[in-house]
Every structure is written in structure tokens, then in C-alpha cells.
Amino acid sequence: MTQEKSNKGRFFEDFQLGDAIYHSTPRTMTDGDRSLYISVYSSRFASYCSSQFAKKIGFQGFPLEDLAVFHMVFGRTVPDISFNAIANLGYAEVKFFDPVFPGDTITAESKVIGLKENSNGKSGIVYVETKGFNQKNELIIKFIRWVMVRKSSSKLLGKKAIIPSFKDCLSAKDVPTNSTLKFDKFDYHLSGENFTLNDYTIGEKIVHGGGITLDESEHILITRLWQNTSLVHFNVNERRDGKRLIYGGHIISMARAYSFNGLANAQVINAINSGTHANPCFSGDTLYFWSEVLDKYKTDLPNYGLLRLRLIASKGKVETFEIKDDNENYNSNIVLDLDYWASIPY
Amino acid sequence: MTQEKSNKGRFFEDFQLGDAIYHSTPRTMTDGDRSLYISVYSSRFASYCSSQFAKKIGFQGFPLEDLAVFHMVFGRTVPDISFNAIANLGYAEVKFFDPVFPGDTITAESKVIGLKENSNGKSGIVYVETKGFNQKNELIIKFIRWVMVRKSSSKLLGKKAIIPSFKDCLSAKDVPTNSTLKFDKFDYHLSGENFTLNDYTIGEKIVHGGGITLDESEHILITRLWQNTSLVHFNVNERRDGKRLIYGGHIISMARAYSFNGLANAQVINAINSGTHANPCFSGDTLYFWSEVLDKYKTDLPNYGLLRLRLIASKGKVETFEIKDDNENYNSNIVLDLDYWASIPY
Amino acid sequence: MTQEKSNKGRFFEDFQLGDAIYHSTPRTMTDGDRSLYISVYSSRFASYCSSQFAKKIGFQGFPLEDLAVFHMVFGRTVPDISFNAIANLGYAEVKFFDPVFPGDTITAESKVIGLKENSNGKSGIVYVETKGFNQKNELIIKFIRWVMVRKSSSKLLGKKAIIPSFKDCLSAKDVPTNSTLKFDKFDYHLSGENFTLNDYTIGEKIVHGGGITLDESEHILITRLWQNTSLVHFNVNERRDGKRLIYGGHIISMARAYSFNGLANAQVINAINSGTHANPCFSGDTLYFWSEVLDKYKTDLPNYGLLRLRLIASKGKVETFEIKDDNENYNSNIVLDLDYWASIPY
């Protein structure tokens, strides 16, 4: 059988520290992508629903939602980074820079910044820094991500582990802001809520209304839209239980969309500090969402505040705010623990 | 638990006669919405499928389907009007004015025009008049709607019921027409049928070909596209039977799309007189459709006729045109009874 | 019952040799259609994902994928040609001419070029040549197709069979090429693979990575997008087994998208020689894909090569390249056998 033309993806041994990987499949984002995003998440943050609202607060066009950009850049990297991944372990220092407008074409590149072989000899952890660019070569997003990747052989390489340093949480000053935004023209009628930075208290918890039963079709359609090629989302033969694992990013976007209810004015995600997919999700699960206010900050830009938020998705109704057990392990009902910074007027 | 930031929606007690409610989440409609509409309904009315056809009959752009506009405006109102609704009871005097083109941004406002407490003390009926506007503040749609809304307490308010007056059916003269349309350039090859106003007879019944099995995914995707937030469509825990109720508007659009077969030239909906969702629909139901010609009218505009149509959707094949039993209750197989006016050349 | 307005489609007796049929429902294709195509197939051929890539290799715009154009033109023809079809038997000499860009409006017409009554008296085979045009009346696609169509009566017509002549396979010289394409500017980093025409060997087989479980929702959404009205795809009552048959074109597009893995640079389909849907597909089937290189050709245009490929879709993993049994019947696991020409740089 002549199979060598079909890309099998990189195994742990194929990654070298300092490797620069230019990802393929540049992608022009359009209003078609926007409509599909809304049809799957029903996201209601006004800047991404209304070109008029976006313009009024200073966007130079009708931006695509920040998480859509994140998923699209992430999708570029899958064939090169995580095609043979066992698990997507985490990300850090996710920074959003220039917004993406319809017609913009996204490319992505990654650099290998850390490698750690597992002692079982079967796998290792690969750390990469990924950057996304638009067609003008402007940086639109940058993030660190680490994944557990299969080895092609079980021979121990025995190389010294190199673990990159990164911040558990970006300090407010390190969070990128969009200097064109003018929050003095913010229309609280249209945005859906009256709350500004001043109305939130550190430690405050917000239970977002609603709850959503996840379906097979929606997560598959949207994960394909990002051209994420990880087989486990699409093929029932890839897991022993015959289930198709839902892409973790799907849960992030669903949780974020539901967080509108109580955080309607925290419209723009500026940075993600960390994210944990604490338990897998499958079709049929019904999720509920709550947020905790972790920090507040007033930037130097007029009326431009930042909220640091912890966003939790859980299977079943929110009856307690407990997330972990006494051993610091996530409770079995918790599926997402996301820590991020968002813009909000003050 | 600090929950107060999450919007719980208005209860019956929260509505006051004369209240003006400015709905949030303005929405720019695009060709992405058009494609999703076609992917869910396979609608084939030529003006909404072909920019060339639309232009030739006088549209000033490539319009989005009238029912898509209706659902989008309706979606704006749900968080404010019907989030705590028990049932969507009816609508009347739905009038379509200026068409919506890709790039137009829709806003909506409603006025409380009637209130009637139910004698059980648990709920009441709220009547609203809703208007939709584009970004130039031109009126695109206006309609009356009434819903049964939960009360927050079971204490009887005992206020006098105020029931607004509205027409059971708009007379042909009161139906808005689009004066830019020129039906002398109508291409009957491209539209799909040769029938004009003259070919229809009052009382004539048309069984539309086909029949469609409803799926969970399609109604959920499209209802989210309209950002309709009613929980009962999305969350299996919201009904005792664990089923997700299909948004009534989904049935209207599906029925309308199938009515192409026999009414291909009745392309533009000008007004809806009334609509009843006689029985609920769920995933797995297979629907069939027929129409009755209720009235015909020649407007003052050249070649511009109006057909008044009754559109019925039923579970199971159409074997009889009976809709109601001897007690004037809908038969259990009838799911939609819609009365509307549409434009047609003559 | 007054049913005559609803189109019942043509039966075998309704076709006459030489009939010219102008299909209805012109369709303006947009970036919304592109996004839906990607969300269903996750297709990654760079010219159709990136406006920048497309421009760089000489496209005069951001083209819609060739198979999307094929399905769209095919969809136009269903109400007139195959509404009463028992089976879609085959197609030949499918030639792709001018590319379709967002905003282009597609129309289609067919000519009856052959008729053969079946001896059972119940059906006959109709051969048509279909052409698709854009709004400038430029030819975008042309193909021959034959279908088995029901008769309205079982009386034998007894007319002499007329079977048109067509080529089992287009010779490389007869394959339309796009003279604006310039493959010297081809970016192999962005396209995803380094292979050019020179790297492929006649007889070489490529097993494409992955494998996909088919879902009900995706095939229904995309088949509706093409406005293909064949009832058997949408209504569970149309087949005795209660299953909804998946549109054969869905399998073609899925197979083609997966063939990216090993054929990333064979981006543009220029012609389809033949296609057989060897066995029906239903929701729940898991498909795998492989290709065989049948021929290679260097055109007169600079760096512009052609690959003739056989693309196979099978239920279950590819463990052998056997397609047919000793009696030349397809094995039960084979669902698609497609023979086509694609452009590739050299």
C-alpha cells in the first residue's frame, strides 16, 4: 500500500525545540462564518451582532467575535500540532490584538517552546506559542498551548525536559486593549444591560440564565467550520465508547454566549489567562453556566475598564459554587473552568 | 448567591399599559443569514434566491425573505416580552413595509397595548404592538402579538382588563404594498410556475407536494439564528416530557417554503392576518401542507395583485381538508393555521 | 380536491427527444454558501478557503468550490428532471468552465438527448445534457446525466430507444482548463503539501487519513441549500425502511474534502468522467476514502498539470483496494466510485 502522501501528523519525536511551523490553509473569514457562529451559540454581544453598534463604539469595521478568531487560528494548528494528541492540556497568555473583519484572511504559525517526554515512554508534552495574522501581516492573536502527543515509538529519548515559563494570569497592565474603542458612546439600551465596571464587585458570582442541551450536529458543524481535523470529534470509531468527543472550544463559546445574561457589556475578550476542560462533553449533556468576578481594572483609555472573570460550565443546574473536591480535583459535573479578561465601560 | 445581574425577564406584574420597551441586540442581517435560511427551509421564491430576479421586478437590492425579517424582529422581543411566557397566543395585523437588504441593521421596540389578568391568579395576557426598524429608522414591520405570561406572585391584582381592538383580518386596501415592484417584467420561466392572480379561484385548495420530517438540529440552529432565547426550545429540562418544543415560527417558514409548489408566484408576504399554532411540534414529526385561496384583489399598482391565503400544516398526509371538530377545536393533526396576504402578478 | 397547481414533476412519457427545459429558481451564490459548505465538509483546498491564495494563483475573484457549483446546478434540475426518478444512474462529461464568484447568479437548462423505455413498462431512462450559466450568460458547467424515471401509466409506449453517445472518459486534451491560473506563484506552505504532478505515479494509491460518521442533519441542511427537492432525502415516509437516503452528491463532496490529505494541491476539479453511487448511504454510516492515480498530463499552460483520479468511498476502514467482486458487481462496502480530472502544479 502506497500511503505516504497522506499526512499522518507529527509525533512527539518529530518536534524540536525552536521549530517554526507555518500552518497551511489560510482562511478568509466572512459574514457567513458570523451567521453560523450565531446559529450555533446565539451569541448576543452587540458589537458582533450589529455593524452600527460596532461602529459607534469605535470599531473600524464589523468585527468577528474574538472566540471565532481563536477557534479559527486554533483550527489551523491542529494538523501540525495536535493531530496525534492524546489530550489538549491547557493554554495560557492568550492575547487578542487587532480585530478581524469580514474579508480578512487568517494565517497562523507556531514555535515549539517546550518539550517534556513522559516517563511511560509512550507520549510527551509539546509546548507551542502560536500567532495568528491577517493578510496585512498584523498580529491578531498570540497564545501558548500545550498538548500531550503520542510517540511513534516507545523508545525513551531521555532528553532533558524543557518547560517554558509563562504567567498563570496576565496582570491587567499586560492585557492588550483596543485604542480605537470609545466607550463614551456606549448604548446601554441596545447592549441589553446597564451594568458598568463600577457595578461589579470582586468575588461576586453571577448565575447565567438558561441552560442548554448539547446536540451532535451543532458541535460537528462548527468544529468543521474551524477546519479542526481532530478525528475524535467526527468519527465514532476513534473512541472505545463510540462517542464523539465535543471540541473543548465549543464549550467555551457556548458558556461565553450564555454569560451575556449578566455580562452583556463585557463584550470584547482581550485575553484568556487559562482554561481547563475539566471533564469531557458529549451530545445529550445539558449545561448550565456561572461566572465569578476575579478582578477589576481601569485602563488609561477613557471609560475603558477590564473585568477578570472566571467562567464555569457544569452539567446539571448550578446548586453550589463548589468546583473541586478536597483533593483539588474537579468535581465530575464541572466541564469548563475559564479565566479571562474582558473589556467593559465604566 | 448574588444572582441579580442575570436578567430573569418580565413577569405579568412588570408590564404596565403604555410601557415602551426598546429591545436590545440590534442585528445586522447578511447573506450568511440568507444561506442558513435556505439550508433549513430550501425556500425557492425567486426574489429571495436571485439578486437578478429581485432587481428585475423592482427591488432596490437583494431582499431577505420577509419571514426571516419577522423571526429576527420577533427574536429581539423574546427576552423582554415572552421569556416567562407560558404560551404564545396569537398575532394580528402583521404588516411588512420596507424590505431588508444584506447589511441592514434591525432594531425593535414594543408598546404594551393590553393587559388581562387570568382568574387563576397565576398568569395574565400581555398584548404588545411591536415595530421593527432598519438603520435609517425606516419601519420594516409592525405587528400585534399576545402572550400568556407567568406572574411572580399568585396574589390577584384585580385590575380591570384592557383588551386592545384589532382586526381579525386586514382588508385588502389596508395591506402595505411595495410601490417599486414592477410585475410586468416578471419571468415565469425562472419563477417556476405560470399562474397569475387570474388563475386562482376563491375557495380553491392547493395540496403542496412533498412532506418533511422535522429534525432537532435544524429548528435549534435557526431559532438561535434569530436569537430567540425561549428556554423551552433548547433545554430538555424545561418540559416535563423532556422534549424540546419547536418554535412556532419554524413551522410557519417550513409551511411557506413548501407552499412554493402551487404558489411560486405569490412571492412576497405583505401581511399576516392571524396565525394559530394549533398543536405543538417536535423532532420526528412529519408534516404536510395545503393552502386555501380566501380572497383576491387587484391593487392600484400595475399588474400588482394580492392573494389572501390560508396555509395549513398537518402531521401526516393530507387526506381531508377538515381542520376542526364539531366543537370548533382543532383536530389533533393540525399544527398551523395561518391567514396571510401575498403579492402576485396579474 | 383541486390539486392541479402543485407541480408533480415530469414522468417518463412527458419527455420528448430534443426538449429544451429552462429550469426555475435562479440562485445567487454567496459567502454564506461557502461557509455552509465548509461547515459540512471542512474542505481545505486553499483556493476556496483564502481569497488571497486564490488571487495569487490567478483567480479573478474568490471562487466557490467547483462541487458546490455542480450541486447547485444539479439542484436546479431536480424538479424538472428527477422529481419522479427511481434512481440517478450516472453522469458523464462533466466539464467545469468559468469559475463562480460570490454574487454570481446561476441559471440552468437541460436538453433531452436520449430516451429508453424499460421493458417492464413501469419506467424509462431519460438522458439529458445540462448547462449552467452565470448572470453574464457565460457557461460555468456542462454535463450529461441519466436517470430512471417512473411512468405515469404502465402502458408500453414501444418507441425506439435512443441512447446518446458520450465518452466514458474525457481525454486530457478535452478537459477544460482555466487559462488565468498561474501555478508558478503556488505557495506550497499554505496549500498544505509539497507534492506536484511529478510526485504522483500512475497506479499509485493514496489512503486519505480520517474517516467520518455521517449525520442526518448535515446531509439534509446541505441538500436543502442546493434546493434539491427529491423527497427521499427529507421525508421518512418515502422509503419502506423509514430511512432518509443521503444525496449522492453529499458523498462526493465528503470524499473530495477528505482527499485533501494526499491531494492538497489537486485543488481545482476540471472535469468528472463518471460517477457511480454503488450503494446507498444513511445517517450513522462511517466512511473512509482512498484515491488511485489513473493518469497524468501536462497542459500547454505553464506549470499547469492534470491528474486523473479515481476516488473511492467505502463503509468501514480501507483494508483492501478491492472494489468489485468476480462478477464485476460492487462490493457492499463501496459507496462511491468517482473518476475525475483535477488541476495540479508541476
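**Domains of chain A.** I began with how chain A is divided: domain 1 covers 8-29 + 64-166 and domain 2 covers 169-346, with bounds from an automatic or database domain assignment. This is a predicted model, where local features need pLDDT of at least 70, side-chain atom pairs count only at pLDDT 80 or more, and totals for chains, interfaces and linings use all residues. Residues are numbered from 1 along each chain as its sequence is written, while chains are lettered from A and ligands numbered from 1 in the order in which they are written.

I found the C-alpha centres of the two domains 21 Å apart. In contact (C-beta atoms, placed from the backbone, within 7 Å) are 22 residues of domain 1 and 22 residues of domain 2. On the domain 1 side, α4 (66-81) and β3 (85-96) each give two or more residues; helices (H or I, at least four residues) and strands (E, at least two) are DSSP runs, numbered from the N terminus.

**Helix α1 of chain A.** Next I checked residues 31-41: 11 of 11 are buried, meaning 20 or more other C-beta atoms, placed from the backbone, lie within 10 Å of the residue's own. What do they pack against? I noted α4, α6 (216-225) and α7 (248-258) of chain A, α1 and α6 of chain B, and α1 (31-41) of chain C. A:Ser42 follows the helix, with a positive phi near 55 degrees.

**Chains B and C.** Last, I looked up this pair: 38 residues of chain B contact 35 residues of chain C. On the chain B side, β7(B) gives the largest share, 9 residues.

Technical notes: Contact = placed C-beta atoms within 7 Å. Buried ≥ 20, exposed ≤ 12 C-beta atoms within 10 Å, placed from the backbone.
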